[in-house]
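Subject: Structure handover

Hello,

The structure we talked about is below. My notes on the core, the surface and the charged pairs follow it.

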Amino acid sequence: MVFLIPFVLIGLVLVVVGVVAAGAWVVAMLTGQVTVEVDAHPFEPGGTYHGRVAQLGPCRLRKVGVALVCTEAATYQAGTTQSTERCEAAKELAELPEPLPAAPTDFTLRVPAGAMHSFEAKKNSVTWKVTVWGRVLGVLPYGRGFEVVVRPGGGYAG
């Protein structure tokens, strides 16, 4: 009996993974294609940008939220193992109407004045994304990131 426990646990994990994957597929089918348009690109530190979240799908995305997120990543080696650490360095929530709207909706984003520009090297990177989240049918969570470029500006204090 004890011999069968690992096989039962592996089976349960596979069932959970299958349910999560099926849920993600259902959300993708219900929301359809979600797009983000901005009035200017690339972004600059200290800039204000207006945009719109649009959606093509049978179920409207509700309680939409938008943010500009900066993620720093560093890859390092410890012995023979190579690891990459990622951290959210900045997050600026977009100005949206209250209560949170349904898609399509307009938003305004501000890039922090002293923000680091987008950067990619062999072992380090700084990436920026406009992230959109919301609810489908009022309960199913949706989230997606759209990568944007923040170019170097004169206000970076390094």
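A residue counts as buried under 20% relative accessible area, as exposed over 50%, and as partly exposed in between. Glu44, at 31% relative accessibility, is therefore partly exposed. Please keep in mind that this is a predicted model.

Salt bridges

How many salt bridges does a search of the whole structure find? The search finds three.

Glu44 belongs to one of them: its side chain meets that of Arg151, with 2.4 Å from N to O. This pair links distant parts of the chain, since Glu44 sits in the loop between β1 (33-38) and β2 while Arg151 is in the segment after β8, 107 residues apart. Arg151 has a relative accessibility of 39% and so is partly exposed as well.

Another salt bridge joins Asp106 and Arg52, whose closest N and O atoms are 2.8 Å apart. Asp106 is in strand β5 and Arg52 is in strand β2, so this pair ties together parts 54 residues apart in sequence. Asp106 is partly exposed at 47% relative accessibility, and Arg52 is partly exposed at 34%.

In the remaining pair, the side chains of Arg110 and Glu95 meet at 2.2 Å, N to O. Arg110 lies in strand β5 and Glu95 in the loop between β4 (81-93) and β5, so the parts tied together here are 15 residues apart in sequence. Arg110 has a relative accessible area of 41%, which means partly exposed; Glu95, with 44%, is also partly exposed.

As background, side chains of opposite charge can pair when their charged atoms come close.

Nonpolar core

The largest nonpolar core holds 28 residues, and Phe43, Leu61, Val66, Leu68 and Trp128 have the most contacts inside it. At least two residues of this core come from each of α1, β2 (48-56), β3 (61-78), β5 (105-110), β7 (124-136) and β8 (140-148).

Which residues does Leu68 touch, leaving aside those up to four places away in sequence? They are Phe43, Ala90, Lys91, Glu92, Leu109, Arg110, Val111, Trp128, Lys129, Val130 and Val148. Among these, Phe43 and Trp128 are also on the list of residues with the most contacts inside the core. Arg110, another contact of Leu68, is the salt-bridge partner of Glu95 described above.

Nonpolar surface patch

In soluble globular proteins, nonpolar side chains tend to be buried together. This model also has a nonpolar patch on the surface, formed by Met1, Val2, Phe3, Leu4, Ile5, Phe7, Val8, Leu9 and Leu12. Together these residues have about 1000 Å² of accessible area. Phe3, one of them, is found in the segment before α1 (5-31). With a relative accessible area of 62%, Phe3 is exposed.

Cysteines

A search of the whole structure finds zero disulfides. Cys70 is in no disulfide, and the nearest cysteine sulfur, that of Cys87, is 8.3 Å away. Is Cys70 buried or exposed? Cys70 is buried, with a relative accessible area of 4%. Cys87, by contrast, is partly exposed at 42% relative accessibility.

Regards

Conventions. Residues numbered from 1 in each chain as written. Predicted model: local features only at pLDDT ≥ 70, side-chain atom pairs only at ≥ 80, totals over all residues. Heavy atoms only, no water. Patch = residues over 30% accessible without salt bridge, like charges linked within 9 Å, V, L, I, M, F, W, Y side chains within 5 Å. Areas by Shrake-Rupley, 256 points an atom, 1.4 Å probe, with all protein chains shown as cover. Salt bridge = Lys/Arg side-chain N within 4 Å of Asp/Glu carboxyl O. Helix = DSSP H or I, 4+ residues; strand = E, 2+ residues; numbered from the N terminus. Buried < 20%, exposed > 50% of the residue type's maximum accessible area, 1.4 Å probe, protein only. Core = buried A, V, L, I, M, F, W, Y, C linked by side-chain atoms within 4.5 Å. Contact = heavy atoms within 4.5 Å. Disulfide = S-S within 2.5 Å.
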